Amino acid sequence: MRFDATGKVSLDHIYTQPDPRSYFRLLQPLGYCIPQQAKPYFAKLIQEYREYRRVAAPTVLDIGCSYGINAALLKYDATMDELYGRYCGPDADGTPAADLTREQLLARDRELSRSRRPAHELRFVGLDTSAPALAYATEAGFLDDAVHADLERDEPTARQRARLAGADLVISTGCLGYVTERTLTHVVRAQEGRLPWMAHFVLRMFPFDPVEDALSRLGYRTTRVEGVFRQRRFASPEEQAQVLETMAAAGVDPQGLEADGWLHAQLYLSRPAGTAGAPAEDPAAPAEPTRSPDPNREQK
């Protein structure tokens, strides 16, 4: 088992497979659930943006989108339990998902995207460093467009900037910390003066201050939603020990949270300074946050 510099187990290999089966098979035993918990908050923010800007079908840019999980949950009202069953369990005729070819899996997912009326009228663009994950999400119909780029390392090309442009909202579920303010700055500058609304679920082990400071310079005001959200269980006692060490060095208290065996995230909302109202208030029953946030309250 390999670990990255933060102490977390390295799961890079599950993001570069030709389809999502390895991703879901590995994460299911760990109880990975942050996209499900994020779903009502994203949905509420999207609806508020739709009403505030009078945009019927907003464009959502999902940073670190992998196989289009957030898109499937938000566009087609899928659930994480449904996706775990889809990629880890048997097909309708009893054929194990592991025995399906990639094309058979894709055909089944295309049927999902064709047969369900979108729960929300959205256009989803995915940004990721994994070409195989982006290809699958696009071919399955989860993503409407994809940007294959590493904006931590590289400047966006003219073609990448054009695909990033037009984003109404920018979301992420767990990639910030590995992705930094550098990527977000490239994304904002690609909008040529427009400031998309943002919602980022960030592991508590990663400081958000550098991102908030960079966004502030670009014209944003950031608030943190009170409460915390489970991401997944630790993959091993060694991973937990190393992450707790990282958190101790950063002055973050893990008692009752990471010390009890689960990685936890916080939600940060960033909107252009001066925007009226409070986004993502009172979402419908978020799924099992460890400490239920009061959705009507935000913190600075």
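I looked up which elements line the largest pocket: helix 1 (21–27), strand 1 (59–63), helix 3 (69–75), strand 2 (123–128) and strand 6 (220–233) each give at least two residues to the lining. Helices (H or I, at least four residues) and strands (E, at least two) are DSSP runs, numbered from the N terminus.

I noted that this is a predicted model, where local features need pLDDT of at least 70 and side-chain atom pairs count only at pLDDT 80 or more, while totals for chains, interfaces and linings use all residues. Residues are numbered from 1 along each chain as its sequence is written, and side-chain values use heavy atoms, with hydrogens and water left out.

**Pocket**

I found 36 residues in the lining of the largest pocket, and D12, Y15, G174, C175 and Y178 lie nearest its centre. A pocket here is an open set of points on a 1 Å grid over the protein atoms alone, where a 1.4 Å probe fits, with protein on both sides within 12 Å along at least five of seven lines; lining residues have an atom within 4 Å of a point.

I read its space as about 920 Å³, a volume being the space filled by probe spheres set on the points, which are joined across faces, edges and corners.

I sorted the lining by class and got 17 nonpolar, 11 polar and eight charged residues. Ala, Val, Leu, Ile, Met, Phe, Trp, Tyr, Cys and Pro count as nonpolar, Asp, Glu, Lys and Arg as charged, and the others, Gly among them, as polar.

**Strand 5**

I checked strand 5 (residues 197–203) and found seven of its seven residues buried. Buried means under 20% relative accessible area, exposed over 50%, and partly exposed in between (1.4 Å probe, protein chains only). W197, A199, F201 and L203 are on one side, with M198, H200 and V202 on the other.

I then looked up the neighbours. Strand 4 (residues 169–173) runs parallel to strand 5 and is joined to it by five bridges; two strands pair if DSSP finds at least two bridges between them. S172 has H200 as its bridge partner. Strand 7 (residues 262–272) pairs with strand 5 in the antiparallel sense over six bridges, and V202 is partnered there by Q266.

**Helix 9**

Which residues of helix 9 (residues 209–217) are buried? I listed V211, E212, A214 and L215. They lie on the same side of helix 9 because they cover an arc of only 165° around the axis, taken from the directions from the helix axis to the C-beta atoms. D209 and R217, on the other side, are exposed.
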